[in-house]
Amino acid sequence: MGALEGARALGAHAHLLVFACSLHHFPSRVPFPISAWHPGREWAGLLGGQSCSGPLGTLVSCGLPGEAGLRLYGADREAKRSWSPAHPASMSHLSLAPLRTKFWGLKHPQSISWPHSFSTKPYPHGLSVPQRNREQKQKRLREKQGALEAETAKKSKLPTRPSKSWTAKEIVLYEIPTEPGEKKDVTGPLPPTYSPRYVEAAWYPWWVQEGFFKPEYQSQLPQATGETFSMCIPPPNVTGSLHLGHALTVSIQDALVRWHRMRGDQVLWIPGSDHAGIATQAVVEKQLWKEQGIRRHELSREDFLKEVWRWKEEKGVEIYEQLQALGASLDWDRECFTMDARSSLAVTEAFVRLYEAGLLYRDQQIVNWSCALRSAISDIEVEGWPLPGRTEFCPPGCPYPVSFGLLVSVAFPVDGDPDTEIVVGTTRPETLPGDVAVAVHPDDPRYIHLQGRQLRHPLSGKLLPLITDPAVQPDLGTGAVKVTPAHSLVDAEIGARHKLVPVNVIGEDGTMVSPCGDWLQGLHRFVAREKIVSALKEQGHFRGIRDHPMVLPICSRSGDVVEYLLKNQWFVRCQKMGEQAAQAVESGALCLNPPFHQKNWQHWFSNISDWCVSRQLWWGHQIPAYRVVGKEGDSEECWVVGRSEAEARKAAAELTGRPEKELTLERDPDVLDTWFSSALFPFSTLGWPQKTPDLAQFYPLSLLETGSDLLMFWVGRMVMLGTQLTGQIPFPQVLQEKLKEGNLDPRELQIAAAGQRKEFPQGIPECGTDALRFILCSHGTQGDDINLSVSEVLSSRHFCNKIWNAMRFILSALGDRFIPHPTEELSPSSAMDAWVLSCLALTVGECERGFLAQELSLITHALHHFWLHKLCDVYLESVKPVLSRSPQAPGPLQTLYSCADVGLRLLAPLMPFLAEELWQRLPRQPDCTPARSICVASYPSAQNLEHWCQPELEQRFSQVQEAVKTLRGLRAMYQLSKARPRVLLQCSEPKEQCLYEEFLEPLGTLAHCGAVSFLPYNKASPQGWAQASLNSTTQVYMELQGLVDPHLHLPVLLARRQKLQGQLDSLTSRTPVEGSEMMQRERKVSSLLLELSKLDQATSHLRQLMDTTPTKS
């Protein structure tokens, strides 16, 4: 279905040129999407590591600084074709470059085969010649660049160094030979550094082999709920590679699917791909011409289709390999293709049923026509290029560029009155030979006296009627329009009202046809345009030409200007089905999220027109309609529809009253619009029209998640046909998301490129599947467009590394003899244990609410906050001294285990590879049978962990954290980098002192201080100690005596104070401003005053200390 997931381009910030994350599965790097393609430039992208190849462009890592540091080998041809002068910064297809793996992947549509054992060690079976050549080329390139960098560093006398924002990490490979489908070896220790290629190796084939993604397996889980959850993946085109839009959709869908599976639902997520009629046929035609030098029409239809199927078997598995690289937990045994036997049966049945219900008919109407493809095309395949005025463009097949955006004024003389004429304007002079009338508004006073007169055609001299029609807008131009019913939808409606006979003057191939006359016949329509304008000038009927802003319709598949031709086609009546679809949303039976799409939905269905489903192609579902070849002299065509020719012949005999044997039937050579089979996808994939167990159990689907650009063309048609053919709405809810389309002009793009090179001079590093999925899910799906930056993905990669290091610490602390207790039964043994478990329980509740609301950004925020700011930054740091004691207390170890176990299970739907790698290494409880994989382990329940929640304790500890922050500030002020000063707390309220008593040791540990004790309230403040207020009732003192040299440190503080005072004076002396700028200045002034106050207090303490500290000689 033409670009079913749309080409949702990467949003471009001012600093953003490209986005690149690599998914590293096996020997070849598996790069993920990217880009901001710009005409006249090559793609820009960088993935750390080796190169890989693919049809839409390959991202490689060259590690080059400056402009050379952003390099892409290959190019996305579709993206280049889609650019136009009207879209100077168009980024219509952002390829997720080919996630092609060399050692595993789908070999056949219905099965998965991993023929070799694998590891992430590069090329364990040796390199092919092209691979060796590519590696040698990259090696020479790196050596050359290294020499250039060394020379540059030598000249500048500055050492070469990596970017501040990123330093190269060691790439660790999984080198243990593992048969496909065999469980990964996790008996060894964790590598010292996080490496995506190591983490992601081997898990996916094992998941598939074990059947974890099948609903039959899930029904046997101990946490099984008996409920079902079903989805279908929006089938991507078989012709292409996944782009960032697909990655977003798949990441969201897989997170929801994995959560439902872990909570115990029977989950069915159906994979599939779309046959993409026009796109696939075009690709194969080009390949035949390139490799064999033959055109499609030189082959029989059967032979050509064999070539297409051969191409599909060779190239069509690439998208499935990409989905696997993303970790999509699809049930591959139920994989479907919109041209397989099951889909073909459903398409034929749907066509016949719609025809029998009176919802399908054949008629002559205006259709969108691509002359380059010689086929009708759908509305979604027509792109509108806004032109500001005169714009030159060379359409396919035209010998030279043609000017568009011009309005030509033509005079139509009034018959019998040569001095009177009516001037009309047209942007399509080539259609003048097809004019059959001139129309004006009936109330236009300029033409009332001419109503009923006839005009002379300016080219042929034929008489044309001057008609009146209310559709004419008298305030536009001269108020008169030429009527060309064969080449304009509006004119066709006017012609039908006035019973005008249409005259077709443009053929299917875009050349002029015989009604134009011999002087134009056979010419390309845009060549004829120039000839017609010249003829008008010669005959004196030309009245000028001027710039005219307009929207030029372009075929997105061929790049040709769309023509509007009158063709006999098959149409679906949409009004009745559209009313049902609109009512479904209005009644709440169908929920659209975000809800602001409801207005567009209602508007579209209230103005819906009939749907042309005929396509003049060979690749696709041939229309099951047959023309009854009649006797000579028969004026009308007779058509019948049937599931087979025998059924159609029987219908024809009943219709004509003739014996079946005497009838000759010819099947319609056209195929159905790709969107027709796509509209059946939710139920055809489950076996419809047969009453299969899957259809009974999983239909209607639970949810449809897709891009908002497909709301009408795909979602709307699924709702219409699903409701009509099955009697049920195919899904009760639609969840939509959108990436913001690129909108940088060339100058902004240059700034973005410079910013990208500055931020990542060594190139964009690899980030991996889990980092990409996590950051994509972190953007709200139920709101505005999504802008994604490289730094966000890199931050997500840092988060993965933080989790990795935390788990290395936890596993080391637990050791080999640790025996875990059931998590839900754990009771904390200390205040810190109670605090972190309370935070964990809160996180579980937030994740549960986020999944129920389908707001994944709430989940990612909660998980990031817990792992980074609760567990790693606070609890792990506070517990280190406790764990170093001998013997170890069992409480902290059980708490560490529970945090790891629950925390990883919370992460699993979003970061499946990382969570599996780490969870498999946790010790197992001896008295229970653990889940074989984290993806089928039970998802933590907020209700089961409710006894951990202690919000009052969390509130008290927040005050302790404020004390930690204050003490760290004092350490920084006095530059106590290594010393561990003693600390005294002085509280005027007993309650305050009780608050701190249970956290004295963690307070000292987290503040990097020594012993923490209390100073009685009635005691004087100690001399030589720094002082700070925590609140109105609590003071904190930090030892300075013997740790700080006041004679050396005081000048440093005074110099800093002078600098800050200068900044303050500069701000306060500026001219007063208003609005946000004033608020920003006030915040800056307030911050400077606070810092100056702290400096004054510190200098005072140092001066007091100088009185008791002798000067060093």
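User: Across which strands does helix α28 lie, and how do you know its angle to β34?

Analyst: Helix α28 (residues 990–997) lies across β34, β35, β36 and β37 (1034–1039), where contact means heavy atoms within 4.5 Å. Its direction is about 145° to β34, on axes fitted to C-alpha atoms (for helices over the stretch in contact), with angles from 0 to 180 degrees between N-to-C directions. Helices (H or I, at least four residues) and strands (E, at least two) are DSSP runs numbered from the N terminus. This is a predicted model, in which local features need pLDDT of at least 70, side-chain atom pairs count only at pLDDT 80 or more, and totals for chains, interfaces and linings use all residues. Residues are numbered from 1 along each chain as its sequence is written, and side-chain values use heavy atoms, without hydrogens and water.

User: Why are β35 and β36 at the edges of the sheet?

Analyst: The open, mixed sheet has the order β35-β34-β37-β36. β35 (1012–1014) and β36 (1025–1031) each have a single partner strand, so one side of each lacks a neighbour in the sheet. From one strand to the next, the twist averages 25°.

User: What makes β34 and β35 a pair?

Analyst: Pairing requires at least two bridges found by DSSP, and β34 (residues 983–987) joins β35 in the parallel sense over three bridges. Leu984 is set opposite Ser1013 in β35.

User: What classes of residue make up the lining of the second largest pocket?

Analyst: That lining has 21 nonpolar, 14 polar and eight charged residues, with Gly counted among the polar ones. Its largest share, five residues, is supplied by α11.
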